[in-house]
Amino acid sequence: MAMMIAPRLATRMFSTIPKHLPGLSIEHKLAKLSHWTTYGLLSVMCVSGVGMGYFNGFGVPFFGVWKMPGAEKEAVDKDLAGFQFKVHKYAGVAFQYTVAIHVSAVGFSYLRMQPCLSRIAGPVG
């Protein structure tokens with residue numbers, strides 16, 4: 001996941017973003033906030049997941065293809081690994097809420113007959 005976040009953030013920061021759909025300025029501000037919150041939570045989950053695996057000494061498996069080794073016995077820090085686990089878990093729950101907010105916003109835009117999905121996928125057909 002971490003390998004996908006950096007290019008996505010770079011694309012988001014340095015490419016032309018489509019104009020906002022018609023709506024209130026508060027909607028636009030909330031959309032921007034929810035997008036950056038989602039990127040932040042994904043980044044926190046990546047860092048905390050790697051930290052959790054490293055500091056507990058077990059390492060971090062990558063889809064059964066490769067495993068990043070964990071800390072050596074003298075560098076294992078179970079308290080820090082536990083803290084990373086809590087951060088990872090809470091960020092995951094918060095991420096689920098941001099996904100629900102995004103899906104709700106798409107539904108709301110659809111009901112208002114606004115083509116929000118074409119902003120994401122571009123013109124199709």
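Is K32 buried, partly exposed or exposed? With a relative accessibility of 48%, K32 counts as partly exposed, because that class runs between 20% and 50%. Please keep in mind that you are looking at a predicted model.

**How two helices meet**

- Start with helix α2, which spans residues 25-55, and helix α3, which spans residues 78-111; their axes come within 8 Å and cross at roughly 150°.
- An angle over 145 degrees counts as roughly antiparallel, so α2 and α3 are roughly antiparallel to each other.
- The crossing in which α2 passes α3 is left-handed.
- In the contact of α2 with α3, the residues divide into 15 nonpolar, 12 polar and two charged.

- K32, the residue from the opening question, has its place in helix α2.
- Along the chain, K32 and R12 are 20 residues apart, and their C-alpha atoms are separated by 12 Å.
- Next, look for T38, which also lies in helix α2.
- T38 has a relative accessibility of 13%, and because this is under 20%, T38 counts as buried.
- A polar atom of the T38 side chain lies 2.8 Å from the backbone oxygen of S34.
- If you set aside neighbours within four places in sequence, T38 is in contact with F95, T98 and H102.
- V50 lies in helix α2 too, and V50 is partly exposed, with a relative accessible area of 31%.
- Not counting residues up to four places away in sequence, V50 touches V60 and M68.
- For V50 and M68, the separation is 18 residues in sequence and 8.8 Å in space, C-alpha to C-alpha.

**A stop in the loop between two strands**

- F63 is found in the loop between strand β1 (60-62) and strand β2 (66-68).
- Most residues other than glycine have a negative phi.
- Against that background, look at F63: its phi is near 55°, a positive value in a residue other than glycine.
- F63 has a relative accessible area of 77%, and because this is over 50%, F63 is exposed.

**Two residues in the loop between α3 and α4**

- M113 is found in the loop between α3 and α4, where α4 covers residues 116-121.
- M113 has a phi near 60°, again a positive value in a residue other than glycine.
- With a relative accessible area of 73%, M113 is exposed.
- Q114 is found in this loop between α3 and α4 as well.
- Is Q114 buried or exposed? At 14% relative accessibility, Q114 counts as buried, whereas M113 is exposed.
- Which residues does Q114 contact, leaving aside its neighbours within four places in sequence? They are L21, P22 and S109.
- With P22 there is a further detail to find: the backbone oxygen of P22 lies 2.7 Å from a polar atom of the Q114 side chain.

How values were computed
Residues numbered from 1 in each chain as written. Predicted model: local features only at pLDDT ≥ 70, side-chain atom pairs only at ≥ 80, totals over all residues. Heavy atoms only, no water. Axes fitted to C-alpha atoms, helices over the stretch in contact; angles between N-to-C directions. Helix = DSSP H or I, 4+ residues; strand = E, 2+ residues; numbered from the N terminus. Parallel < 35°, antiparallel > 145°, perpendicular 65-115°, else oblique. Left-handed = near helix turned anticlockwise from the far one by under 90°. Nonpolar A, V, L, I, M, F, W, Y, C, P; charged D, E, K, R; others polar. Buried < 20%, exposed > 50% of the residue type's maximum accessible area, 1.4 Å probe, protein only. Polar contact = N/O pair within 3.5 Å; in protein donor to acceptor, adjacent residues only side chain to side chain. Contact = heavy atoms within 4.5 Å.
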